[in-house]
Protein chains: 2
Amino acid sequence: MEEAIQALAEPRRRDILTLVFGREMKAGDIAAHFSVTRPAISQHIQVLKRAGLLHERRQGTCRYYRARPEGLEDLRRFIEQFWDYRLQLLKAAAEEEERRESAR
Amino acid sequence: MEEAIQALAEPRRRDILTLVFGREMKAGDIAAHFSVTRPAISQHIQVLKRAGLLHERRQGTCRYYRARPEGLEDLRRFIEQFWDYRLQLLKAAAEEEERRESAR
DNA sequence: CTATTTCGTTAGTTGACACTTACGTAAGTC
DNA sequence: GACTTACGTAAGTGTCAACTAACGAAATAG
């Protein structure tokens with residue numbers, strides 16, 4: 001999870017991930033979407049790959065990438081843990097409200 | 001969301017958030033849990049607060065903090081979007097498997 | 001009012017990281 | 001073999017952020 005959240009903390013890497021979400025793209029085509037140089041994007045891709053957030057498929061000299069949602073599993077659990085607590089708070093607040101309603 | 005994910009990218013800030021998850025704690029007591037200096041923790045707390053991830057309550061000279069799950073809403077949506085896609089892929093794979101089963 | 005406690009804030013330093021330029025590599029094409 | 005295409009990698013640079021030490025502020029105790 002450490003690597004995944006570090007990878008997502010960079011806005012451009014989130015953009016890359018969104019770009020290859022649900023469809024494969026060549027490294028060069030990905031880089032073409034950004035204003036920074038191609039090596040910069042290549043380095044971002046390596047970070048995402050190392051974090052388990054990208055899947056690579058090689059064909060000839062090209063490398064195709066697509067998002068790999070499984071890499072988000074741990075981070076998702078971390079977030080969801082807090083979110084469930086929020087729902088629990090909301091439920092408790094609603095019940096409190098109901099008690100006050102019926103007490104009138 | 002930008003501020004939230006930046007805040008969570010730092011391991012110590014995640015530790016702080018976990019520490020005040022479901023219970024209030026004084027700033028000093030939070031700092032006592034870590035090996036770095038108190039000002040360092042204080043700065044982390046400010047980052048978390050600015051990101052909307054912490055709630056502050058002042059009483060006398062003390063400041064009590066607790067996790068504020070609502071601050072995770074946007075980030076949660078971002079993660080969940082990819083996760084839903086994963087479930088969709090799994091479902092498609094299962095149906096494919098079923099088709100091959102019944103075709104035998 | 002002075003002293004103490006509990007904090008936040010500022011200044012300065014160090015390390016990490018995103019970037020560019022230059023180079024290396026692997027798979028075709030002629 | 002030499003050339004091209006589509007990449008990754010290495011070296012060097014500037015920026016930002018996490019930290020410590022020193023200081024400031026606000027509430028309370030005596």
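The model is predicted. Chain A and chain B bury about 3,000 Å² between them, and 23 residues of the protein lie around DNA strand D.

**Extent of the interface between chains A and B**

- The contact involves 27 residues of chain A and 27 residues of chain B.
- Carbon and sulfur atoms give 74% of the area of about 3,000 Å² that is buried between the two chains.
- On the side of chain A, the residues that lose the most area to chain B are Phe21(A), Phe82(A) and Trp83(A), which together make up 21% of what that side buries.

**Polar and charged pairs between the chains**

- Four salt bridges are counted between chain A and chain B.
- Arg76(A) and Glu80(B) form a salt bridge through their side chains, with a distance of 3.4 Å from N to O.
- Six residue pairs are in polar contact between chain A and chain B, with both residues at pLDDT 80 or more.

**Elements and composition on the side of chain A**

- At least two residues of the side of chain A that touches chain B come from each of α1 (2–9), α2 (11–19) and α5 (73–103) of chain A.
- α5(A) provides the largest share of this side, with 11 residues.
- By class, the side of chain A that touches chain B comprises 16 nonpolar, four polar and seven charged residues.

**Protein surface near DNA strand D**

- Both chains are represented among the residues that come nearest to DNA strand D, namely Ser42(A), Tyr65(A), Arg12(B), Thr37(B) and His44(B).
- In chain A, α3 (27–32), α4 (38–50) and β3 (62–67) each supply at least two residues of the surface near DNA strand D, as do α2 (11–19) and α4 (38–50) in chain B.
- The largest share of this surface, five residues, is drawn from α4(A).
- The surface near DNA strand D contains seven nonpolar, 10 polar and six charged residues.

- Sugar or phosphate accounts for 64% of the atoms of DNA strand D within 4 Å of the protein, and bases account for the rest.

How values were computed. Residues are numbered from 1 along each chain as its sequence is written. Chains are lettered from A and ligands numbered from 1 in the order in which they are written. This is a predicted model: local features need pLDDT of at least 70, side-chain atom pairs count only at pLDDT 80 or more; totals for chains, interfaces and linings use all residues. Side-chain values use heavy atoms; hydrogens and water are left out. Contact means heavy atoms within 4.5 Å. Buried area is the accessible area (1.4 Å probe) that two parts lose on being put together, summed over both. A polar contact is a pair of N or O atoms within 3.5 Å; within protein, one must be able to donate a hydrogen and the other to accept it, and residues adjacent in sequence count only if both atoms are side-chain atoms. Helices (H or I, at least four residues) and strands (E, at least two) are DSSP runs, numbered from the N terminus. Ala, Val, Leu, Ile, Met, Phe, Trp, Tyr, Cys and Pro count as nonpolar, Asp, Glu, Lys and Arg as charged, and the others, Gly among them, as polar. A residue is near a molecule or strand if one of its heavy atoms lies within 4 Å of it.
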